[in-house]
Amino acid sequence: MAYIDPHIHMVSRTTDDYRAMQLAGCVAVTEPAFWAGFDRSSPEGFRDYFVQLTEVEPARAARFGIAHHAWVCINPKEAEDPGFARAVMALLPEFLAKPNVLGVGEIGLNRNTKNELAIFEEHLALAQAHDTLVLIHTPHLEDKLKGTRLILDALKRYPKLTPDRVLIDHVEEHTVGAVLDAGYWAGMTLYPDSKLNPPRAVDIVECYGSERLWVNSAGDWGHSDPLSVPKCAAEMRARGHSVEAVSKLLLDNPRAFLEQSGRFVLDVR
Ligand SMILES: [Zn+2]
């Protein structure tokens, strides 16, 4: 079954992963800018990373018939030094102008600090000024609920960023309701054996429906599973959900959100 993995860090994955994803039905990925497993020592290190995201990975994905689009920002984990963060942000307009860049992401909070929040809001202002989509990372574990509330409050200060153009990712059972109720899109990130997994994600779909929801693997340099999205499809089918219901969650929903960018190109159906 054709599916999109709308949040995966392919810079950290092997070419064999692309092959396995193709065989599992993956037709498109989108790759947000994030921490790459180490702190970069200069803004120029980020320039190289943004080139990798916008030139190298699309070419690698194309060999397997997978469309690749990117998002750019400085991630919250490396945004604790505002001077450094702003130097990286100065590079962003050049990359936001590229036709395969969908917007600003993944911005958000990591430890919910004041500096992270300041840089998060500066990214929201940038997205508003460039009229782009926004992809937001919420903190994990005990910081998630507080971080999600801080993010929802901050978004209210940028009214031109309408909720239908903003996706808040890594939602769990205790945060998904607040995100959807406020009109935003919500992303469920699937992990192999920590945090949200396919059975829990399907539980959420059964409780909340699948409007404005997507699933992604966020596969990266750490312990993660680039095939967790098709595993979620298998879980849905095993519970008796129709092929159409699975396709809505895994293909139609991410496509509808991403196509709002005017830049997401997908050649299926
Ligand atoms: Zn990520």
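Biologist: Is arginine 212 buried, exposed or partly exposed?

Modeller: This is a predicted model, and here a count of neighbours settles it. Arginine 212 has 19 other C-beta atoms within 10 Å, so it is partly exposed; buried would take 20 or more.

Biologist: Where is arginine 212 found, and what is its phi?

Modeller: The general idea comes before the case. Most residues other than glycine have a negative phi. Arginine 212, in the loop between α8 and β8, has a positive phi of about 60° although it is not a glycine. Histidine 170 has a positive phi too, near 60°, and lies in the loop between β6 and α7. Histidine 170 counts as buried, because it has 25 C-beta neighbours inside 10 Å.

Biologist: OK, on to α8. Which of its residues are buried?

Modeller: Start with the helix itself: residues three or four places apart point the same way, because an α-helix has 3.6 residues a turn. In α8, residues 198–208, the buried ones are Pro198, Ala201, Val202, Ile204 and Val205. They cover an arc of only 150° around the axis, so they sit on the same side of α8. Glu206 and Cys207 are exposed, on the face turned away from that buried side.

Biologist: What covers the buried residues of α8?

Modeller: The cover includes α7, β7, β8, α9 and α10. Just after α8 comes glycine 209, with a positive phi of about 80°.

Biologist: And peptide bonds: which residues does a cis one join?

Modeller: Most peptide bonds are trans. Here a cis bond links glycine 105 to glutamate 106, with omega about -10°. Glutamate 106 belongs to strand β4, residues 101–108.

Technical notes: Residues are numbered from 1 along each chain as its sequence is written. This is a predicted model: local features need pLDDT of at least 70, side-chain atom pairs count only at pLDDT 80 or more; totals for chains, interfaces and linings use all residues. A residue is buried if 20 or more other C-beta atoms lie within 10 Å of its own, exposed if 12 or fewer, and partly exposed in between; C-beta atoms are placed from the backbone. Helices (H or I, at least four residues) and strands (E, at least two) are DSSP runs, numbered from the N terminus. The arc is that of the directions from the helix axis to the C-beta atoms. Two residues are in contact if their C-beta atoms, placed from the backbone, lie within 7 Å.
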